[in-house]
Amino acid sequence: MKDQFGRTIDYMRVSVTDRCNLRCVYCMPAEGIPSVPHQQILSFDEIARICRIGAGLGIRRIKLTGGEPLARRGLPELLGMLKGLPDIEQVTLTTNGTLLKEQINELVSNGLDAVNVSIDTMDPCRYREMTRGGSLEKALEGLDAAAGVPGLSVKVNCVPLKETGDEDYIRLVLLAKEGKADVRFIEMMPIGMGKNFEGRSREDICAVLEKTYGKAEWYTGRIGNGPAEYVHFPGFVKHVGFISAVSHQFCGGCNRVRLTSEGYLKPCLQYGAGTDLRALLRGGAGDEKIRMEMKETIYAKPAHHLFREGRHAEETLETKEMSRIGG
Ligand code: SAM
Ligand code: SF4
């Protein structure tokens with residue numbers, strides 16, 4: 001369907017849990033966040049029902065995210081349920097990769113179309129520091145397992161930080177050079193803990209990479225369905241992308257809404273506004289009522305975020321951590 005500004009909304013990011021086995025410094029506090037009791041999290045049937053109604057409104061692609069989606073037991077089963085819904089064309093996953101190796105076969109056999117693995121550094125010590133205890137080796141094993149599946153689209157997502165040395169990013173894009181995955185740099189957004197960190201711009205990272213790999217050419221072909229802009233370096237098998245929500249705002253072409261693990265439908269990452277679908281589901285609402293509420297929420301999607309305006313503290317704006325919204 002189209003929202004009030006004529007944008008086609010056909011993509012829903014579905015958070016399946018607010019829990020995570022890592023504690024990335026810009027995403028979660030060291031002690032973690034108070035966990036939402038399991039009964040407050042949508043069941044697989046409830047998620048599938050919302051996605052089915054969403055498909056009736058034009059949602060065609062679903063991304064499973066979290067928290068760490070693979071930390072939720074039975075995730076491949078949910079993936080299969082969503083893949084089986086009429087009009088849902090693609091179900092993809094964003095994960096930190098550390099639990100991916102064990103689950104990749106089941107995910108693929110349930111219809112996984114693509115996977116994004118978040119890896120912010122190729123230095124094991126720095127990875128442990130940034131994730132507060134995570135194992136880069138496990139994440140890379142997960143990435144390798146995914147890259148080994150014929151035809152599966154695999155991307156690596158990295159949120160570069162000001163404090164991290166250039167060498168980390170030079171090493172990371174070797175994954176694209178060798179053809180293991182497209183590597184994308186995501187600009188730090190002032191959401192949750194992210195407000196305390198300074199990221200690095202597309203121009204900055206690109207200049208660093210060009211010193212080592214030569215001149216980057218803009219890639220005009222289409223990769224994925226999102227807002228990433230890609231470049232190609234000489235001799236590289238895959239591409240390097242940039243998602244720069246703050247410095248190169250792409251809200252005019254935004255195609256997405258989000259469903260939190262507690263069943264809150266959010267039309268924009270930065271705003272607190274949305275609709276409590278869980279209350280409707282559990283209050284006995286019929287499909288038509290839920291459909292109308294979803295339609296109104298999607299229609300009312302705000303024109304753009306306010307990151308650059310620096311209005312992060314307003315009451316209308318989102319105050320939750322990224323792991324609770326579903327990044
Ligand atoms: N745990 C999974 C993972 O790490 O991929 C899925 C959830 S995580 C919230 C999704 C993505 O959001 C990760 O790539 C993470 O780096 C990114 N992220 C978290 N906080 C962010 C922030 N403040 N700005 C930009 N990206 C952020
Ligand atoms: Fe967990 Fe992903 Fe947040 Fe890291 S970015 S703490 S892996 S949810």
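Good morning. The model before us is a predicted one.

Let us turn to ligand 1. Which residues come nearest to ligand 1? There are 17 residues around the ligand, and Y26, G67, T94, S118 and M189 come nearest. A polar side-chain atom of S118 is found 2.6 Å from an oxygen atom of the ligand. In the case of M189, a polar backbone atom lies 2.9 Å from a nitrogen atom of ligand 1. T95 also takes part, with a polar backbone atom 3.4 Å from an oxygen atom of the ligand. How much of the ligand's surface does the protein bury? Ligand 1 taken alone exposes 550 Å², and 94% of that is buried by the protein.

I now come to E187. This residue sits in the loop that runs between strand β6, residues 182–186, and helix α8, residues 202–213. E187 is buried, and yet it has no salt bridge. If we set aside neighbours within four places in sequence, the residues in contact with E187 are R200, S201, I243, S244, A245, V246 and S247.

The next topic is the salt bridges that do form. How many salt bridges does a search of the whole structure find? The search finds 19.

E102 is exposed, at a relative accessible area of 51%, while K138 is partly exposed, at 33%.

The second example is the pair E163 and R126, with closest N and O atoms 3.7 Å apart. E163 is in the loop between β5 (153–158) and α6 (166–172), and R126 is in helix α4, so parts 37 residues apart in sequence are tied together by this pair. Are these two residues buried or exposed? E163 is exposed, with 54% relative accessible area, but R126 counts as buried, with 14%.

K289 is partly exposed, with a relative accessible area of 43%. As for the network, R49, R52 and D287 are joined into one by salt bridges that share partners.

Let us next consider backbone angles at two residues. D87 has a phi near 75°, a positive value in a residue other than glycine. D87 is placed in the loop between α2 (75–83) and β3 (90–95), and it is partly exposed, at 48% relative accessibility. R132, which is likewise not glycine, has a positive phi near 55°. Its loop connects α4 (124–131) with α5 (136–147), and R132 is partly exposed, with a relative accessible area of 33%.

Two further residues complete the talk. F5 lies in the segment before strand β1, residues 11–15. Although F5 and A303 are 298 residues apart along the chain, their C-alpha atoms are separated by 7.0 Å. Apart from neighbours within four places in sequence, F5 is in contact with K301, P302 and A303.

Finally, K180 is located in the loop between α7 (174–177) and β6, and is partly exposed at 29%. Which side chain makes a polar contact with the side chain of K180? The side chain of D144 does so, at 2.8 Å. Beyond neighbours within four places in sequence, the residues in contact with K180 include D144, L143 and A147. W218, by comparison, is 38 residues from K180 in sequence and 20 Å from it in space, C-alpha to C-alpha.

Thank you for your attention.

Technical notes:
Residues are numbered from 1 along each chain as its sequence is written. Chains are lettered from A and ligands numbered from 1 in the order in which they are written. This is a predicted model: local features need pLDDT of at least 70, side-chain atom pairs count only at pLDDT 80 or more; totals for chains, interfaces and linings use all residues. Side-chain values use heavy atoms; hydrogens and water are left out. Helices (H or I, at least four residues) and strands (E, at least two) are DSSP runs, numbered from the N terminus. Buried means under 20% relative accessible area, exposed over 50%, partly exposed in between (1.4 Å probe, protein chains only). Lys and Arg count as positive and Asp and Glu as negative; His and the chain ends are not counted. A salt bridge is a side-chain nitrogen of Lys or Arg within 4 Å of a carboxyl oxygen of Asp or Glu. Contact means heavy atoms within 4.5 Å. A residue is near a molecule or strand if one of its heavy atoms lies within 4 Å of it. A polar contact is a pair of N or O atoms within 3.5 Å; within protein, one must be able to donate a hydrogen and the other to accept it, and residues adjacent in sequence count only if both atoms are side-chain atoms. Accessible areas come from the Shrake-Rupley method with a 1.4 Å probe; for residues, only the protein chains shown count as cover.
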